[in-house]
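Keep the sequence and the 3D view side by side.

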Amino acid sequence: MGVAGVLKGAVLGALAVALGSCVASDQGCDVDNGGCGANATCTEVNGEATCACSPGYEGDGLTCADVDECAEGTHGCDPLATCVNAEGSFSCECPEGYGGDGLTCADVDECAEGTDACDPVATCTNTEGAYSCECPPGYEGDGFTCEDVVGSLDGLRWELPCQPHEAGSLDCLNEPPTFSATATLSGTEGTTYDVTLRFRGVVEEQTYVDGISVDGHWQVGGSPQHTGWNIYSLSVSSPAMVYYLNAGTAGQFVCYGIDYQQTIQVDAGATVELYADTAGGSEIANRDAKGNPIYVEDVPPWPEWYDGQFVQMDVVSLAPAP
Ligand SMILES: [Ca+2]
Ligand SMILES: [Ca+2]
């Protein structure tokens, strides 16, 4: 910035030589700087002293005053920059969020340079003159700090591995006959959250009654109707509710691949339980209506198929309920 200012001042100084020079002394420049003023330079022409204001000053060479390049608008700073006048010079300062010599200012990509103050888990997005930080799904905060609210809700999963009990059988044994995976939502005490969950896996169907069948395999409330067919539920302690993940028609010797999203309400501090009950210790093998194993894309053990049934729950988003 200082260098740029001085260069600019030199141009103005040259102008001052042309306009403001004067003959100060016929004794040359050796005595008393030829009588030139402060901030002036003396030049001998045919033995006579000629005074000219130094770069960054203006006047007749006997008297030289600082040029206020900022006030005169001759600074040449970038339009975004701040011009700062100084004695004999000036400087240009790029605003915060911009870098450069002041004559040109360009946005700083804080994200790429790693100079952002985002939380380590946040996503940094560069913007003109600034940047923004966003907490990932399941976190709460302004992006500069992010609190993990969902914790182990994300990726909660159960598996019922197939343990064949006779060759070619369509059903498998399970030991233990039930499986439970629990997690606790943290968050701000007294806050109810809308939590959007994605469920993927392989399930047999069970018939549920008295609840609200929302769509597909998802059912809110109610109770299982058929003994002997597996019950897959999601229980929330507060606000207390039971959801079923494999609603359909009991009695089919086939499995279905599931991949759907649902939004439920969960209070801060509530426990969430993903539960599988094999109703006696058996399950239908992972086979669709055509007898082929069901592959669930992008979920372990993808690209293999899982030999048995499983449900994995992932958190898509979380926000305080309006
Ligand atoms: Ca100046
Ligand atoms: Ca920026």
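Gln-163 has its bridge partner, Leu-173, in strand S16. Strands here are DSSP runs of E with at least two residues, numbered from the N terminus. S16 covers residues 171-173 and runs antiparallel to S15, joined to it by two bridges. Two strands count as paired if DSSP finds at least two bridges between them.

This is a predicted model, in which local features need pLDDT of at least 70, side-chain atom pairs count only at pLDDT 80 or more, and totals for chains, interfaces and linings use all residues. Residues are numbered from 1 along each chain as its sequence is written, with chains lettered from A and ligands numbered from 1 in the order in which they are written.

Now the whole sheet. It is open, antiparallel and three-stranded, in the order S15-S16-S27. S15 (163-164) and S27 (282-284) are the edge strands, each pairing on one side only.

Next, the cores. A nonpolar core is a set of buried Ala, Val, Leu, Ile, Met, Phe, Trp, Tyr and Cys residues joined through C-beta atoms within 7 Å. Buried means that 20 or more other C-beta atoms, placed from the backbone, lie within 10 Å of the residue's own. The largest core has 45 residues; Leu-185, Val-203, Tyr-232, Leu-245 and Val-311 have the most contacts inside it. Among the strands giving two or more residues are S14 (156-161), S18 (192-203) and S28 (308-320). S18 gives the most, six residues. Domain 2 (108-148) and domain 3 (151-320) both contribute, so this core lies between them; the domain bounds come from an automatic or database assignment.

A second, separate core has 11 residues, including Cys-42, Ala-52, Tyr-57 and Cys-64.

How values were computed: Helices (H or I, at least four residues) and strands (E, at least two) are DSSP runs, numbered from the N terminus. A residue is buried if 20 or more other C-beta atoms lie within 10 Å of its own, exposed if 12 or fewer, and partly exposed in between; C-beta atoms are placed from the backbone.
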